Amino acid sequence: MIQSTKIKLQFHFTIILVVLTTTVTMVLLNEINLSHLSPDFPYKDGLITTADEYSYFYPAESYYQTGEWNASGDGTKAYLRTPGYGFIYFIALIIGQSKAFFVLKIFQIGLYAGALFLLFKILSIYISNRFSLLATAIFGLLPCFHGFTYYTLSESVIPFFMLWWVYGILKPRKQDFLMLFLSTSSLVLIRPQLIVFPLLFAVFYLLKANKRSIYLLIGLIPFLFWQIRTSTIIGEWPEIHPVYSLANNSIFRPPHQELTALFKIWEHESDVFHENMGLLSADTSQKARINVSATIPVHLQNEILPILKDFQLICWSQKRSFSGKKISAYLPGEERLTEKIRSVKEELKRKNKLDYYFFTPLKSLKKLMVTSMMNLNVFQDAWKNNPLVFGLKFLSLAFILFGFMATIIFCLKPIYSIENRILAISVVTSIFYLVYFQRLNEERYLYPYLGLFFIFTCLLCDRLIKLLKKRKSSQF
């Protein structure tokens, strides 16, 4: 008994040592990356700032100062963003005040370490502790799994909340209301698109008459309340990924929304699309239209060019109409243009069915999957030609592609448990939403699924190793 307890303590110490070592390695790599950034690169107190932080952090700062969760200057944008990541910043603001970014950085490092520990706990449910420990070390050392930890994006914290929710679903002692409620609420308030995970499991448990379905649905109540709050403020029910509103004092209004849907017929590169929209909204010249049309398939240009001109004029009119005014309805010409774009979109969808329903989603899937996720500046610049970096990129790409294939295999066959199959189906369904409906994706949108890819890879490898051992033993 004493010997058994001693072994357990030694093993727990080893887990902590692996988590600490890999976390320190991650910190060192990211600090080196910061040292290679130019002095005018946007970072503050050791965090790389992004354009998205406006809608994450300004509402929290407004709440801290005025008691109202809102940010001025851009219509309803601050109301639309779910407050999950912003609330983490709010806590950092209370603790750190002028050093809130530094406190947030500590939080994000801590959550990364927590994600490693959760990964080990999930793997050890199904496979040996030794294999789980080795896998955790590999996950912690590969840069593709922690490239956003130092960014002011929800990607910096989503690995922890994704794995926390998965552990709540898969852990042996399953009747844990508090964990499922908190993890479900946090996950969806940080990344609403991941709502498919608790919803599919809620349906699964409902069919099995398992009360965990109630736990999951209760966990979605905070998100539902947020949606009701937003719809009350802006007068319309917000989408899962809310961007557009008639109340926006920005380009993100109905004409832009319909033009986005039109471009999704052929375009899958988000940066190309946003560059085009930025050019059209800033420049009413024919040259701007020609530059944009060069990115459009030749057989579509004649039908698209007149719309581009109308959109330029609407953008110019919008800027004149804003002037700090509160807007809640269509501006002159907006509704007509919106209907015109919608009509052209439906016509082109009918004429280009293969592009719309197959080739463009396939290109979007390729963009998501064919990536090493080694996004740090040192890998793109200073160490770009280093053979070790090239090898790491190849290894990372292999892990991502194999992880996606392993996930599909788990969809087809329940390995270890039926929950694993539902989890794999949730991953594939969520990615299908990204590539088929959202389409204009950035590689970082794959980031929440990387931990799950890795888990399915480890479980599949463990099963294959056991099958090979069983086959060898049966031959002798």
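This report covers aromatic contacts, cysteines and cavities in a predicted model.

## Basis

Local features need pLDDT of at least 70, and side-chain atom pairs count only at pLDDT 80 or more, while totals for chains, interfaces and linings use all residues. Residues are numbered from 1 along each chain as its sequence is written, and side-chain values use heavy atoms, without hydrogens and water.

## Aromatic pairs

The structure holds 42 aromatic pairs. Rings of Phe, Tyr and Trp (its six-membered ring) pair if their centres lie within 6.5 Å; planes under 30 degrees apart are stacked, over 60 edge-to-face, and the rest tilted. Helices are DSSP runs (H or I, at least four residues), numbered from the N terminus. Both Phe-148 and Tyr-447 are buried; the term means under 20% relative accessible area, with exposed over 50% and partly exposed in between (1.4 Å probe, protein chains only).

Phe-177 and Tyr-215 have ring centres 5.3 Å apart and planes at 70°, so they too are edge-to-face. Phe-177 lies in helix H8 (residues 177–190) and Tyr-215 in helix H10 (residues 212–219), so the pair ties together parts 38 residues apart in sequence. Phe-177 is partly exposed at 34% relative accessibility. Tyr-215 is buried at 12%. Elsewhere, ring pairs join Trp-165, Phe-197, Phe-201, Phe-204, Tyr-205 and Tyr-449 into a cluster.

## Charges over rings

A charge sits over a ring if NZ of Lys or CZ of Arg is within 6 Å of the ring centre and within 35 degrees of the ring normal. Lys-44 places its charged end over Phe-101, 4.8 Å from the ring centre.

## Cysteines

The whole structure has zero disulfides (pairs of cysteine sulfur atoms within 2.5 Å). The closest cysteine sulfur to that of Cys-144 is in Cys-458, 12 Å away and too far for a bond. Cys-144 is buried at 0% relative accessibility. Cys-315 is buried at 2%.

## Largest cavity

The largest cavity has a volume of about 90 Å³. Its lining includes Phe-139, Met-162 and Tyr-447. H7 and H21 each give two or more residues to this lining. A cavity is a set of points on a 1 Å grid over the protein atoms alone where a 1.4 Å probe fits but cannot get out; lining residues have an atom within 4 Å of a point.

Note on methods
1 Å grid on protein atoms, 1.4 Å probe; cavity = no way out; pocket = protein on both sides within 12 Å on 5 of 7 lines; lining within 4 Å. Points joined across faces, edges and corners; volume = space filled by probe spheres on them.
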